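I opened this notebook to record what I looked up in one structure. The entries follow in the order in which I made them.

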Amino acid sequence: MKTRWKILIAAGIFLLLAVASAWLTAHHQPQNAVEDYKKFLRDHGEKLEISEVLPPKISSASNSVNAVQDAFRLLGSGSEKIPNAMKMVAPGKALIGWSQPDARNSDFTNSWDELAAEIEVSRPLIELLHQILERPKLDFELDYTKGFALVMSHLAPMKRVTQKLNTAAICDLHNGDTGAATTNILTMLALVQRNEGEGFVISHLVRIAISAIAVVPTWELLQATNVTDAQLAAVQNGWEQMDFLSDAKAVFLMERAWMLQTIQKSRASHEEFVKTLGAAASGSRTGGSASAGTWPPDWKELTEKPRLAVAEVMWRSSWSYADELRTLQGQQIILETLRTMQTNQSQFYKMDYDAMETRFASLGITNVGEAFFRALQIPDFREEFGAQSLNGIVLRTMRIEAARRVIISAIALKRFQLKHGQWPATLDELAPEFLSSIPIDPYDGKPLRYHPNADGTYLLYGVGEDGVDDGGDPTNTASGSSSLYWQGNKVRDWVWPQ
């Protein structure tokens, strides 16, 4: 055999070996890494399948969903009229909505009688919602196996009926009916607490939003002169039953299972790949289709379809495993952080959150051939997956948890004042009659700050997201910002408004 043919055969064998080696590196190595990590998680008791993390089935006798859905059907198509309430007028100061001469907001002005007439039209809806207080659960019986394709049609009505309850409670307080206002506030809180098992991130965010709305009539109730201890105790108990950390943990368990199922389905077929990645897979993120008649043609537009085809092949054969591993590891970091928060005796959650951010930064998972394919502008779709973008959900959970603790303390203070005719000198005087223990500020692990003022008011606050105690300074540090929201992320301290 001539030397030249020997060289060609050797070169061919070398090329085949190189291709085989590249395939093993690009496909089997990341696939093995994913399977090894899954085995590690399962060995440590983690549940990765949707079937393993489904919420328990609820009996019809325990489920108030029929009454709530009947209430949804009574919703009209218009927007809700929500009168000003707990309106911040200065840092640390709010306007009592129910004591104003009329009911108004930026888009309407009504007499209280006019607003009461509108609420009366919604009375059947409100009475249906009150039935949620008679049963321990609210389960919309969703098909979790649909994953991200599931239509969450109940979430928008959930928020709308909450606004109706809020308006009704403010009107009740204007009429001096603290009992009716209490029932409406408890119903708002029940919409959150009875629905905590619904394992969707968007559901968790809606529950947080509903809780934030419920803060308003709770504050307004505390300003009423005829509120009773029994009514306050009921509302306090409603807030105490909230468990935002457990809710978040259940949500992220389901989120991880969904993400894994979605990645696996998208890897298995072109149709699922396009369905999942949507615009990213169709080319809208890479410049769109080449314009007809353009000369000279733009290289990026001209090569769009070939680059997308290469991207799909690479993602489905290799890169999807890196995304799956990144998702698994990121979600595990979040879950371990939430578990640490629940068992953290100091309840210094900001420390746990900062440690989570540090762990995210250490995740160095890359795609095979990343530099080469990036040079060719081949999209890798990594932005569609991963858990780092979900850290904001943890932050919102911490924020509403901090609010919950301040609210519970404010209610306990009012109950003490009703019994003793004055504010306590310290929060310690509230335990054990009005509080089982003094609430801890999750942003620095110390008790919430409190002291009575000489003018008959009091100062109650948490240190806010910067973790720094500014002595109860509620001012906004953002340049040019006029926001007065008491729990804004740019205010120095989170001061309960007076």
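In which helix does Lys350 lie? I located Lys350 in helix 15 (residues 349–361). For helices (H or I, at least four residues) and strands (E, at least two) I used DSSP runs, numbered from the N terminus.

I noted that this is a predicted model, in which local features need pLDDT of at least 70 and side-chain atom pairs count only at pLDDT 80 or more, while totals for chains, interfaces and linings use all residues. Residues are numbered from 1 along each chain as its sequence is written, and side-chain values use heavy atoms, with hydrogens and water left out.

**Entry on Lys350.** I found Lys350 buried, at a relative accessible area of 18%; buried means under 20% relative accessible area, exposed over 50%, and partly exposed in between (1.4 Å probe, protein chains only). Beyond its neighbours within four places in sequence, Lys350 has contacts (heavy atoms within 4.5 Å) that include Met398, Glu465 and Asp466.

**Entry on the chain.** I recorded 17 helices and nine strands in the protein chain. Of its 498 residues, 49% count as buried.

I examined an open sheet of three strands, with the order 7-8-9 and antiparallel pairing. Its edge strands are strand 7 (449–452) and strand 9 (494–495), each of which pairs on one side only. Two strands pair if DSSP finds at least two bridges between them; strand 7 and strand 8 (residues 458–462) have four bridges. Tyr450 stands opposite Leu460 in strand 8. Helix 17 (residues 391–420) lies across strand 7, strand 8 and strand 9.

**Entry on the core.** Which residues touch the most other members of the largest nonpolar core? I listed Trp239, Val394, Leu460, Trp486 and Trp496, in a core of 111 residues. Such a core is a set of buried Ala, Val, Leu, Ile, Met, Phe, Trp, Tyr and Cys residues joined through side-chain atoms within 4.5 Å. Helix 17 supplies the largest share, 14 residues. Not counting residues up to four places away in sequence, Leu460 touches, among others, Val406, Leu413 and Trp496.

**Entry on the backbone.** Most residues other than glycine have a negative phi, and most peptide bonds are trans. I noted a positive phi near 50° for Met86 and likewise near 50° for Glu141. Is each of the two buried or exposed? Met86 is buried, at 8% relative accessible area, whereas Glu141 is exposed, at 58%. The peptide bond from Ala431 to Pro432 is cis, with omega near 5°. Pro432 lies in the loop between helix 17 and strand 5 (440–441).

Terms used
Axes fitted to C-alpha atoms, helices over the stretch in contact; angles between N-to-C directions.
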